[in-house]
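Please look at the structure below and keep it in view while reading. The paragraphs that follow go through it step by step.

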Amino acid sequence: MTAAAERSGAASAHRIRRGTLLRSEQAQGIALISPTFLYALILLVAPVLVVIAHSFWTQDFLTIDRTFTLEQYRIALTEPIYRDLLARSLYISLTVSILTVFLAYPIAYYISFHGGAHKSLWLFVITIPFWTSYLLRVMSWKVILGYNGVLNSGLMGLGIIDEPSTSFLYNTNAVIITLTHAWAAFAVLPIFVSLEKVDRTLLEAAKDLGDGPIRSFLRVTLPLTLPGVISALLIVMIPTVGDYVTPKLVGGKDGVMIATAIETQFKRGANWPLGAALSVITMTVVTVMAASIVFVIRQAGRRVR
Amino acid sequence: MSRILSRWLTVYAFLYIVFLYLPVIFLPIFSVNTSAVPQFPLAGFTSKWYVELPKTPALLDAAWNSLIVGLCAAVLSTILGICAARAVTRYRFRGRTVASGLIMAPLVLPEIILAVSLLIVILSLGLQLSLFTVILGHVLICIPYSVTVLNAGFEGFDRSLEEASADLGETAFGTFRRVTLPMVAPAIISSLLVSFTISLDEFIIAFFLAGTEVTLPVYIWGQLRFAARLPGVLALGTLLLVGSFILLSFAEIMRRRAQRRIQMGGAIA
């Protein structure tokens with residue numbers, strides 16, 4: 001290669017050197033990322049593909065019959081129980097993600113615009129509860145909402161109610177409250193990041209051109225932070241749809257979600273193909289829901305501008 | 001007008017913090033309550049629930065298992081995270097977006113689906129469920145967090161320092177060890193602490209992939225079925241809370257130091 005470079009002119013030598021440099025940059029980058037990439041490929045992509053394959057098979061006691069069939073999907077989509085669980089899971093994850101984003105936006109705004117020198121301290125304070133044991137955070141909601149719980153004894157102490165109410169715990173709302181609390185920090189961070197990127201001179205321009213604080217927020221800040229809002233929605237919605245712990249602990253009979261059905265098929269029920277089909281359907285439906293929300297928000301954002 | 005708004009925002013911010021912390025605060029409160037039923041008014045102060053903790057062999061085993069899993073997951077995910085973060089921040093190459101997208105994907109997948117898909121593969125291959133399989137799963141979910149922490153540490157890192165080192169005759173490995181590593185050490189420590197904390201707290205994957213040896217959250221899950229064991233669980237939870245708080249404060253201090261170091265490096269250059 002050196003000989004070839006010497007024979008050609010200076011310009012082409014330069015081009016060749018740049019070519020090898022680029023190629024080596026390409027090669028080095030790929031070589032460096034490949035262990036992590038392969039890990040994700042082997043432990044994430046391959047297992048998900050295996051789940052998808054299982055969803056087209058059937059199981060007879062312990063043996064898996066590998067003939068292609070849509071039977072599991074028929075069961076999963078027509079049995080009322082699975083349909084109800086799926087619908088409830090989607091409703092809960094949608095409500096929770098919208099609630100967390102609504103609650104998180106003002107706080108992210110406050111930190112970004114009024115946090116001053118203490119921005120990272122504020123973020124730290126907000127993320128701390130998120131790092132405490134998830135199980136125990138859910139458990140403490142049970143303690144709060146329960147029959148002998150903090151809320152009931154507090155309301156009785158204040159004389160608002162005469163006897164403990166059973167309507168706080170073991171229902172869909174208890175699941176929604178608990179999940180909204182549990183995922184709060186996840187919504188604050190992406191919104192905060194997008195607020196930090198907002199060019200402050202644009203806001204001054206809006207003010208100089210006569211926009212009040214609310215108008216300039218709606219026409220400048222909010223549209224510019226929509227990407228943060230979207231990622232906050234997704235980062236809450238997609239994992240919560242498959243939450244297992246919260247419905248088990250505070251959901252009761254009316255708060256069961258799809259994860260419980262999936263778990264049953266893989267553990268006690270021992271029907272892997274049906275569990276696999278339920279997993280695939282959950283993933284697909286939540287992806288479609290997420291994609292359509294992104295689409296709607298983008299459209300709305302365009303109209304505002 | 002905007003002053004009124006900002007005053008309301010301040011009020012809201014403090015209410016939000018109360019909402020975040022209120023449930024967490026009940027754990028330590030009821031963990032020192034004499035009554036086994038968590039309700040007000042408190043019956044009296046006791047430390048008996050804490051004293052009983054070290055006398056429970058199953059708990060100690062679970063804690064030991066969690067420690068092993070957490071350490072292994074932290075080290076492995078940080079090593080893999082370093083590879084990915086370094087590749088993404090240092091090199092421009094084709095497939096960068098796809099590769100890092102896949103690496104971050106566990107963040108936006110329901111954990112139960114990760115857990116069952118790993119379970120199917122492990123059992124189909126005829127492997128035994130053990131702490132090792134839990135570690136495999138935990139590394140997968142810790143990597144996105146490691147990469148995020150490390151990316152922040154590697155970004156803004158001044159390449160001219162590495163070039164200077166190479167020009168002065170250091171090998172690639174020597175440059176990494178003597179120039180890059182000291183600069184990014186705080187980010188690495190921060191990544192180790194964050195992934196350890198995640199692994200320590202992770203339940204679903206451990207619930208599905210642990211065989212007979214359970215981790216702390218799986219042990220706690222088993223205890224939650226018995227109302228009488230609740231105070232003990234609350235005491236354990238309080239200890240874990242304090243432990244994670246110390247680890248994370250340390251991680252945060254490290255992260256800030258990393259930022260300052262990189263800024264200083266930039267200032268010198």
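In which sense of crossing, left-handed or right-handed, does α5(A) pass α9(A)? In this predicted model, the crossing of α5(A) over α9(A) is left-handed. The two helices of chain A, α5 (residues 119-131) and α9 (residues 184-197), have axes 9 Å apart and pack at an angle of about 150°. Because angles over 145 degrees count as roughly antiparallel, α5(A) is roughly antiparallel to α9(A). On the side of α5(A), the contact is formed by A:Leu123, A:Ile126, A:Thr127 and A:Phe130; α9(A) contributes A:Ala185, A:Val188 and A:Phe192. The spacing of such positions can be understood from a general rule: an α-helix has 3.6 residues a turn, so residues three or four places apart point the same way.

Chain A can next be viewed as a whole. Its domain assignment gives domain 1 (2-54) and domain 2 (72-304). The centres of these two domains of chain A, taken over C-alpha atoms, are separated by 39 Å.

Chain A also meets chain B: 68 residues of chain A are in contact with 70 residues of chain B. Among the elements of chain B that give two or more residues to this side are α1 (2-31), α3 (57-90), α8 and α11 (230-268). The most is given by α1(B), with 17 residues.

Helix α8 (residues 172-201) of chain B deserves a separate look. A straight helix of its 30 residues would reach 44 Å at 1.5 Å a residue, but its end C-alpha atoms are only 38 Å apart. Within α8(B), a kink of about 60° lies at B:Leu181, shortly before the proline B:Pro182.

Definitions and conventions:
Residues are numbered from 1 along each chain as its sequence is written. Chains are lettered from A and ligands numbered from 1 in the order in which they are written. This is a predicted model: local features need pLDDT of at least 70, side-chain atom pairs count only at pLDDT 80 or more; totals for chains, interfaces and linings use all residues. Helices (H or I, at least four residues) and strands (E, at least two) are DSSP runs, numbered from the N terminus. The expected span of a helix is 1.5 Å times one less than its number of residues. The bend at a residue is the angle between axes fitted to the seven residues ending there and the seven starting there. Domain bounds come from an automatic or database domain assignment. Axes are lines fitted to C-alpha atoms, for helices over the stretch in contact, and angles run from 0 to 180 degrees between N-to-C directions. Angles under 35 degrees count as roughly parallel, over 145 as roughly antiparallel, 65 to 115 as roughly perpendicular and the rest as oblique. A crossing is left-handed if the near helix is turned anticlockwise from the far one by less than a right angle, and right-handed if clockwise. Two residues are in contact if their C-beta atoms, placed from the backbone, lie within 7 Å.
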